[in-house]
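Please read it alongside the sequence and the coordinates.

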Amino acid sequence: MAEKLVGTDIAPPDLRAKITGRAKYAEDFRAPGMVFAKLLLSPMPHARVRRVDASRALAMPGVIDILRADEVPAREGPREACLTDNPRYEGEPILAVAAVDEETAAAAIEEIEIDFEPLPFVLDPLDSLRPGGPNPYVEGNQFSGQDGWSEFKWTAADFEAIDAGLMPDPECPVEWTKGDPESAFAESALVLEEAIVHQSLTHHPMEPRSNMAYWEGDRLFAFVSTQSSQQTKFALAGALDMDPENITFVSEYCGGGFGSKIAGTTIMQVPALFSRKIGRPVMLRVTRYEENYIGRARPGFQSWLKMGFLEDGKCNAIDLIIVQESGPYGAGDYNTAGMIADLTYTPQNMRFRAVPMYTNTPPKAAQRGPGGAQIISMVEPILEKAGRELGIDRLEMHRINAPRSDVRFGPRDTSLTSVHAVEALEQGAELFDWASKVQLSGQRNGSKVTGVGIGLSPYTAGSRGRDGMMIIRPDGKLYVHQGIGNLGTHSIADTARPAAELLGYDWDDVVIVWGDSSRGYPRSTVQAGSQTTTAHTRANRAAAEDALRKIRAVAASAMGGSPGAYRVDNGRVSGPGGTMTLGRIAERAIAMGGEYDGHVLPGDIHEQTVPAAQMLAGQGLMGIARDNFGGEGSIYSWVAGFALVELDEETGVVELKEYVGVTDCGTVIHPRSLGSQIFGGSIQGMGMAMTQRWVFDPKWGVPFANRLYTARPPGILDVPPDLKWGAVDIPDPQDPIGAKGIGEPPVGAGAAALTCAVADAMGGRCVCRTPLTPDILLAEIEGRDRGFGRLDQHIG
Amino acid sequence: MEQQESVGVLEQKYSRRTFIKGVIATGATVSSTGYLFRGSPLLGAATYQSATERLITLNVNGQDRRVDVLPHETLAMTLRYKLGLTGTKLGCDRAECGACTVLIDGVAQYGCSMLTHQVRGRAVTTVEGLEDPDTGELSVVQQAVLEEGGFQCAFCAPGFIMSMTAMIQDNPNPTREEAAVALSGNLCRCADYDKILTCAMRAAELARSV
């Protein structure tokens, strides 16, 4: 028997390149005659460019040319172009200059005379909702494709309530209700009402969104930092309005994205357009400073939550209002937040209202666990507070309210494939030893107080219907062609494992083909929403089943007998007529042609897969198929996080002492990598909840926290040296492999475990705000005036 | 104790102050807009001739390399754009993340915060120089990372690997807490710190058994 591949620790095949410096990220590519572009960024949060004089810059030795906004694809309404004369946030790229080196390009930028007309701006969505408040666009603050721009304001009465610290009852463009919340609240034994602020924060992947491009005739060669490969190639083609088959797209490694580089980046258009204009390869090296502005950010919330509980601790009603800070180009994750609140607390009666608001702050995008991470980190402490008031153990509160597999949630009564949240909670409680640790709650050691907390966090974790494509070549090896990107999750390799196992392959004889479109990509998912593990274990499994059928047919035609009587293992196929190596089978498949070597393709594969498959036809036995396995309901994974912290009441500093994360993500494919996802996501959540903060100067609208040290992500000393993780490891019953994704849910779990533990250390008091920086906690502990309003965003 | 001493030596040799003094002495200023490299046409021949020698010899990964270096050029830029050693990454440009960590005479240093002129006559080691040049065998640190399946996106990996290489020299038998301190100059945004520490401990173990 060949080795077992699913559920074992196998280092990904690209690791050697990563640790020897041979791995090429976008900024590591070079091309003959390559020149360097530099961006001129807007110094104002909202302005119009009145005049540009680049004559001095263009006269400088070494300067090649300038690229202006009128030379790039423009888009109507609140939609982003890669360069603009109407900047809507500080740091928005206005123009680019190319020169023989980066220094010259940077110096030329300084020589450009540019006259801006400053315009009113909005940093805080509530300012724009106030009657008579400013708008982020000259034309208004709301946009619809049908009706264009309009102005949307709440009433003076709404703000009277808000200013009095009450939950308002405003009109919202997004609203749904299920059950009868009003009657349910009347029946609640306890009703809690809180105003909540969740900050926006920059993604800051380690690799900034640098990229390079050149042209050979009509063919574009693009080297891009992106989470997805095949889908980004099509996104780039769409942005440039060109035939995707005329792009050679290279994205071998991506130094992190976390949602900020899903289908590439807007700025990836600049080198492509600039190199076409000047006829030379163009490298755009994005600095950390620039990344802070153009690198995307998680949308913030200002929110009111009313939550009702029955005597036994069951949440029976939720009323939730979210005002979302959507940035200048309108990304929103409020709908997901509403869905996840309904899913996690199963109230049966819920009203959800939301208003996404444009603002003149850096553009927003999905950030790992979008919507879910924010709502979970904010609501979990309120659930635990209810437990305290009702005299119910907090673990029990989570268990009572967590859904089971038969859950229905959201406005469309969404169903799920499987839910094992309670099992994750129970396994986590055991690993963490909740029963003993909860006894330490409130214990003092000098100025330090211990707190413990739990965060239970779900997120979408899969999609269906993608294509798989693989070839067994005459060398006997299995070449798995992956159109997904290589963003560090190891999924380029791990999603091929169930397929290789089905075909009886040793892992050493499996070659993962990825990164360069000229090697052939099948239609793939974007790598977002933790879809990849499910989507591509399925797609590859479908292609492997197709390959197996063809191997048996070829074997039977060569050696006689019925195809079904042949078995594959260890690179050979054996049956009644004898044994052949898969290398020989591949040769024979090429000779037979037709469907066997990919000259005839299945009718249901995606049109984007077809050109790649046609290119690879005739190279061996081709397994190619669409994932038609089907399935009912959405796919969600869970992480239950448990944290023990020490809060120093003299300094406001919180130290994480212990953390446990346990997941329900179905079948475990790669245990060690799964552990990294749970810890990494959880720690990112802790950064979101505790250390990274966005601060703006309200007068000029410019961010102060614009580098890593001013918006600090957690470092190695911020986490305890020993962390624990676990997995329920129950296969999803509606999936041929049973695996669900894991990227998103740990963020909310880590953040919420910490916000709950901090509230616990403060005797159950919820600050209801992120980040919980020492100054904010100190003001709360000492009962001082915090110096800012309860709902203020971006406070210093 | 050993660690403290080596830090003291470092401060003398490569403090921020010396870095800035070095820049001032060569008649250039640090631009806020970007990194400076190549033989820039902005600096006419007369400017640099009067300032300092440009064609210098660097010892990188055991080889002497002749390279044309501007007075204010950083080591990370020279390595990446002049010597083709793109294993050294630029994550922040300003000594905040450690992705550009290299060894100077065996001591871990940020390549973004060293002037190339400062390392003349010193041994520079980058991630490309860790394998055995004759056999291609991985260094113990690389071997440990391979065995433990280290890193996710791995953009930070070269920097961490250089810091681990320095760590096992300074402290061959670290605790996990000591290893964390030794690696605290490097940032991993995937936050794969637990596995990174496991790799570091395994590296120390492998080094002790060699």
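In this predicted model, A:Ala96 sits in strand β4 of chain A, which spans residues 93–99. In chain B, B:Tyr193 belongs to helix α8, residues 193–209.

**A:Ala96**

- A:Ala96 has 26 other C-beta atoms within 10 Å and is therefore buried, since the cut-off for a buried residue is 20 or more.
- Not counting residues up to four places away in sequence, A:Ala96 touches A:Ala37, A:Lys38, A:Leu39, A:Leu67, A:Leu83, A:Val270 and A:Phe274.
- Between A:Ala96 and A:Ala365 there are 24 Å in space, C-alpha to C-alpha, and 269 residues in sequence.

**B:Tyr193**

- B:Tyr193 counts as buried because 28 C-beta neighbours lie inside 10 Å, against a cut-off of 20 or more.
- Once neighbours within four places in sequence are left aside, the contacts of B:Tyr193 are A:Ile683, A:Ile716, A:Val719 and B:Cys188.
- The C-alpha atoms of B:Tyr193 and B:Gly150 are 9.6 Å apart, while the two residues are 43 apart in sequence.

**Domains of chain B**

- Chain B is split into domain 1, residues 2–126, and domain 2, residues 140–209.
- Domain 1 of chain B puts 17 residues into the contact, and domain 2 of chain B puts in 14 residues.
- On the side of domain 1 of chain B that touches domain 2 of chain B, the elements giving two or more residues are α1 (2–14), β3 (101–104) and β4 (107–110) of chain B.
- By class, the residues on that side of domain 1 of chain B are seven nonpolar, eight polar and two charged.

**Helices α11 and α12 of chain A**

- Two packed helices are described by the angle between their axes and the distance between the axes.
- Helix α11 (residues 372–390) and helix α12 (residues 394–401) of chain A have axes that come within 9 Å and cross at roughly 115°.
- At that angle α11(A) is roughly perpendicular to α12(A), because the class takes in angles of 65 to 115 degrees.
- The crossing of α11(A) and α12(A) is right-handed.
- From α11(A), the residues A:Leu383, A:Glu384, A:Ala386 and A:Gly387 meet A:Arg394, A:Met397 and A:Asn401 of α12(A).
- The contact of α11(A) with α12(A) is made up of three nonpolar, two polar and two charged residues.

Methods: Residues are numbered from 1 along each chain as its sequence is written. Chains are lettered from A and ligands numbered from 1 in the order in which they are written. This is a predicted model: local features need pLDDT of at least 70, side-chain atom pairs count only at pLDDT 80 or more; totals for chains, interfaces and linings use all residues. Helices (H or I, at least four residues) and strands (E, at least two) are DSSP runs, numbered from the N terminus. A residue is buried if 20 or more other C-beta atoms lie within 10 Å of its own, exposed if 12 or fewer, and partly exposed in between; C-beta atoms are placed from the backbone. Two residues are in contact if their C-beta atoms, placed from the backbone, lie within 7 Å. Domain bounds come from an automatic or database domain assignment. Ala, Val, Leu, Ile, Met, Phe, Trp, Tyr, Cys and Pro count as nonpolar, Asp, Glu, Lys and Arg as charged, and the others, Gly among them, as polar. Axes are lines fitted to C-alpha atoms, for helices over the stretch in contact, and angles run from 0 to 180 degrees between N-to-C directions. Angles under 35 degrees count as roughly parallel, over 145 as roughly antiparallel, 65 to 115 as roughly perpendicular and the rest as oblique. A crossing is left-handed if the near helix is turned anticlockwise from the far one by less than a right angle, and right-handed if clockwise.
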